[in-house]
Every structure is written in C-alpha cells, then in structure tokens.
Amino acid sequence: MVSDGDPQPTQELSEIKGALDVLFTLREEFATWVEEAQNEDRKEELDNVYQHVLAMEEEYKRRLDDALKKSGASA
C-alpha cells in the first residue's frame, strides 16, 4: 500500500543526485587525463571513456529532470 509519505521519489532523487556527483568527478578526472596523455593512441582511448562518462552524465541529468517533474520539486 502506498501512502502520501512514500519515500520512493525522495530516494530516487537522492540516488540520481549521487550518481551525478560521481559522474561529475569521473568526467573531471578523465578530462585531466586526456590533456595529460603522452601519445595519440592513449589520448584517443581516454577521450572515448571521457565521452562515455559525459553521455552518462547527460542521461542522469535527464533522469533528474524527469524525477523532479514527477515529484513537483526543483533542483
């Protein structure tokens, strides 16, 4: 039975925000590593990972926006 005080939306928002924090940190670290790469092959490999983390971050931002719309809250 679902009550008005259902913690699920709050928990979902917390989980999404936590994931965004982790992805932000990873993105910053990979950006630094791409800049510091010593050769083009390594730079390309790191850039591919960086782009993947960036895409994941964008997806979680979209999920956060959707969750906020559902809950009627704001970031």
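The structure is a predicted model, in which local features need pLDDT of at least 70 and side-chain atom pairs count only at pLDDT 80 or more, while totals for chains, interfaces and linings use all residues. Residues are numbered from 1 along each chain as its sequence is written, and side-chain values use heavy atoms, with hydrogens and water left out.

The protein chain has two helices and zero strands; helices (H or I, at least four residues) and strands (E, at least two) are DSSP runs, numbered from the N terminus. Of the 75 residues in the protein chain, 20% are buried, where buried means under 20% relative accessible area, exposed over 50%, and partly exposed in between (1.4 Å probe, protein chains only). The protein chain has an accessible surface of about 5,700 Å², and carbon and sulfur atoms hold 50% of that surface. These areas come from the Shrake-Rupley method with a 1.4 Å probe, and for residues only the protein chains shown count as cover.

The largest nonpolar core has seven residues, namely Leu-23, Phe-30, Val-34, Ala-37, Leu-46, Tyr-50 and Val-53. A nonpolar core is a set of buried Ala, Val, Leu, Ile, Met, Phe, Trp, Tyr and Cys residues joined through side-chain atoms within 4.5 Å. Helix H1 (8-36) and helix H2 (40-71) are the elements that each give two or more residues to this largest core. A second, separate core has six residues, including Ile-16, Leu-20, Leu-64 and Ala-67. Within the largest core, Leu-46 is in contact with Phe-30, Trp-33, Val-34 and Ala-37, once its neighbours within four places in sequence are left aside. The C-alpha atom of Leu-46 is 9.4 Å from that of Glu-35, and the two residues are 11 apart along the chain. Glu-35 itself belongs to helix H1 and is exposed, at 66% relative accessibility.

The structure holds one aromatic pair. The ring centres of Phe-30 and Trp-33 are 5.0 Å apart and the ring planes meet at 75°, so this pair is edge-to-face. Rings of Phe, Tyr and Trp (its six-membered ring) pair if their centres lie within 6.5 Å, and planes under 30 degrees apart count as stacked, over 60 as edge-to-face and the rest as tilted. Both residues are in helix H1, three residues apart, which is about one turn of the helix. Phe-30 is buried at 13% relative accessible area, whereas Trp-33 is partly exposed at 39%. Elsewhere, Arg-63 sits over the face of Tyr-60, 4.6 Å from the ring centre; a charge sits over a ring if NZ of Lys or CZ of Arg is within 6 Å of the ring centre and within 35 degrees of the ring normal.

Charged residues complete the picture. The structure holds eight salt bridges, each a side-chain nitrogen of Lys or Arg within 4 Å of a carboxyl oxygen of Asp or Glu. In one of them, the side chains of Glu-57 and Arg-27 meet at 2.4 Å, N to O. This pair links distant parts of the chain, with Glu-57 in helix H2 and Arg-27 in helix H1, 30 residues apart. Glu-57 is buried at 4% relative accessibility, and Arg-27 is buried at 15%. Apart from neighbours within four places in sequence, Glu-57 is in contact with Leu-20, Leu-23, Phe-24 and Arg-27.

Glu-59 and Arg-62 form one at 2.5 Å, N to O; they are three residues apart in helix H2, so about one helical turn separates them. Glu-59 is partly exposed at 27% relative accessible area, and Arg-62 is partly exposed at 41%. Glu-59 and Arg-62 also belong to a network of salt bridges that links them with Arg-63 and Asp-66. Asp-65 forms a salt bridge with Lys-69, with the closest N and O atoms 3.3 Å apart. Asp-65 is partly exposed at 36% relative accessibility, while Lys-69 is exposed at 61%.

Key
Contact means heavy atoms within 4.5 Å.
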